[in-house]
Amino acid sequence: MQLAYPVDFLKKFNYGKGKELAAAYDEIMEKQYEFCGALKYDRLPGKRILARVNHNYYMFRDGDGVAFYGDEGTMKSALGPDICKDWGVNHEIGHVMQLAQLTWGGMTEVSNNLFTLYVTIGQGNPDRLKSAGNYENAFKHVLDAPEKPFILSVSDPFEKLVPFWQLYLYAKGNGYPDFYADLMEYLRTHPDKGRGNASILNMYEFVKVSCDLLKVDLTDFFEAWGFFVTGTYELNDYANYKFEVTEKLVEETRQYVARKKYPKPEKDITRLTE
């Protein structure tokens, strides 16, 4: 990464520790590149992410970089000794790293947090989904809801994140920690199924590829999490989307998986937690 922070804050929080600061950011990047398969498949980009100060807003993705507000509290997060464990820093870098084919409408604040969880948990932090009660809330509002919602209509991005993280936990528990690395490599090397309103097609591609990589029939899992609830859905996720989830689309996805004759998972993944 390239860093452009105020000299006064650099002196206050990291005086004489420029090398350590750079190494901390390198560690974040290494772990995020590991998660998405860039290391495994030799896809490290030649360009660098720029982390800079801004004077307008707390923190945000800034094009192909990240920006952090120039006050003491925010700069301490961006410069302090536990950068690798900091949720906000990893979250914003995750926005730069997230893949378009895994960021269909409704996923902008979800797919980036796969990276965030991977790095922060790997640094010894507790699973935020568990410590904040997001698993329990997702179980209540989706799995056990009297009327199952369409997964992308769930308003809380952390609740929406749960099934995607559960797939990683299941894969890792079965000796396959490269699940998302391989999945993102597949998406990188195959055509994008659509953008805008057509981006919903990428979600059902995700269902198929997940089953293919794990060699299990996950249709019950996706059914339970509201991936197959048909209807017309209008969402606002930094842009307006209108998704048509038809019986035909759902049935085609089910039939694709059924033809593979994969076994069902040996455990109930829907209740899996860190």
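Helix H9 (residues 179–188) and helix H10 (residues 200–214) pack with their axes 10 Å apart, at an angle of about 130°. That angle makes H9 oblique to H10, since angles under 35 degrees count as roughly parallel, over 145 as roughly antiparallel, 65 to 115 as roughly perpendicular and the rest as oblique. The crossing of H9 and H10 is right-handed; the term applies if the near helix is turned clockwise from the far one by less than a right angle, and left-handed if anticlockwise. Axes are lines fitted to C-alpha atoms, for helices over the stretch in contact, and angles run from 0 to 180 degrees between N-to-C directions. Helices (H or I, at least four residues) and strands (E, at least two) are DSSP runs, numbered from the N terminus.

The model is predicted: local features need pLDDT of at least 70, side-chain atom pairs count only at pLDDT 80 or more, and totals for chains, interfaces and linings use all residues. Residues are numbered from 1 along each chain as its sequence is written, and side-chain values use heavy atoms, with hydrogens and water left out.

The strands form an open sheet of four, in the order S1-S2-S4-S3, with mixed pairing; two strands pair if DSSP finds at least two bridges between them. S1 and strand S3 (59–62) stand at the edges with a single partner strand each, so one side of each has no neighbour in the sheet. On average, neighbouring strands are turned by 20° against each other, direction ignored.

Strand S1 (residues 2–4) runs parallel to strand S2 (residues 50–54), joined by three bridges. S2 also runs parallel to strand S4 (residues 65–69), here with four bridges. Arg52 in S2 is the bridge partner of Ala4, and Arg52 also stands opposite Ala67 in S4. Val53 has Phe68 of S4 as its bridge partner.

Next come the pockets. On a 1 Å grid over the protein atoms alone, a pocket is an open set of points where a 1.4 Å probe fits, with protein on both sides within 12 Å along at least five of seven lines; lining residues have an atom within 4 Å of a point. The largest pocket holds about 330 Å³ of space, a volume being the space filled by probe spheres set on the points, which are joined across faces, edges and corners. Its lining has 15 residues, and Tyr33, Pro45, Lys47, Val96 and Met97 lie nearest the centre. Helix H2 (18–36) and helix H4 (87–97) are the elements that give two or more residues to this lining.

The second largest pocket holds about 180 Å³, and its lining includes Met1, Asp26, Tyr33, Pro45 and Lys47.
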